[in-house]
Amino acid sequence: MTELVLPFVVRIERADAPTRTDALEAAALAVLLILTDPRPEWHDAIAAWDANRIRKVVRRARGAEWQRASALDGLTVQHGSAQVRVFPPIPVDDWPRDLARLQVGGTELDDPDELPPAPTGIALVLLSPHQVMTAGKAMAQVAHAAQLGWRASSPADRAAWRERGFELAVRPATARSWAAAVASGAPIVRDGGFTEVEPGAETAIAVLPWL
């Protein structure tokens, strides 16, 4: 069976880069939106990808690169300072030319200010304090966690979350909050180890109030 990958592109202009957390939250939103998108032409590819290893790859673009990527079939999430475009799953070794030419490694972003506490009562994705990841890698991990949270939710909880626009927040965990989330049995991402972290590394966890 051909392995599929879900491609993401984050817009990073030289003079106007997004904040790290906005980009992470946009990636988590993007996977939830494409999983629930009603377009029939995407259904088979999304179902086949979702039923197997949910691999994701994040690339970056600016200027004309972003415009070319935006012309390809997909959907764009605008969240705070971030723009992230997600595309239907493709074979891992058969990327469209305008995506294949984009850089994938070393995508790094910062949060210039201290993050406020996450709002109470909404989905919270925590990043492990024990793993060091670039922004691009972390985007894929929080998207994985959001997808696992979606899988673990009941149909009624899924519908309610969707009606609320998939409200969520992404925050770096402390050692204490990470240990508590793991002990709660919340859906946790164990990475395949293709880049940056060791195979099986626990990278992100989805803490959903309704689970």
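Biologist: Which element gives the largest share of the lining of the largest pocket?

Modeller: That share, seven residues, comes from α5, where helices (H or I, at least four residues) and strands (E, at least two) are DSSP runs numbered from the N terminus. This is a predicted model, in which local features need pLDDT of at least 70, side-chain atom pairs count only at pLDDT 80 or more, and totals for chains, interfaces and linings use all residues. Residues are numbered from 1 along each chain as its sequence is written, and side-chain values use heavy atoms, with hydrogens and water left out.

Biologist: And which residues lie nearest the centre of the largest pocket?

Modeller: Of the 27 residues that line the largest pocket, Arg55, Lys56, Lys137, His144 and Asp191 lie nearest its centre. Here a pocket is an open set of points, on a 1 Å grid over the protein atoms alone, where a 1.4 Å probe fits, with protein on both sides within 12 Å along at least five of seven lines, and lining residues have an atom within 4 Å of a point.

Biologist: Which elements each supply at least two residues of that lining?

Modeller: These are β2 (56-61), α5 (135-152) and β8 (188-190).

Biologist: Changing topic, at what angle do the axes of α1 and α5 cross?

Modeller: The axes of α1 (residues 20-35) and α5 come within 8 Å and cross at roughly 40°, the axes being lines fitted to C-alpha atoms over the stretch in contact, with angles from 0 to 180 degrees between N-to-C directions. The two helices are therefore oblique to each other, since angles under 35 degrees count as roughly parallel, over 145 as roughly antiparallel, 65 to 115 as roughly perpendicular and the rest as oblique.
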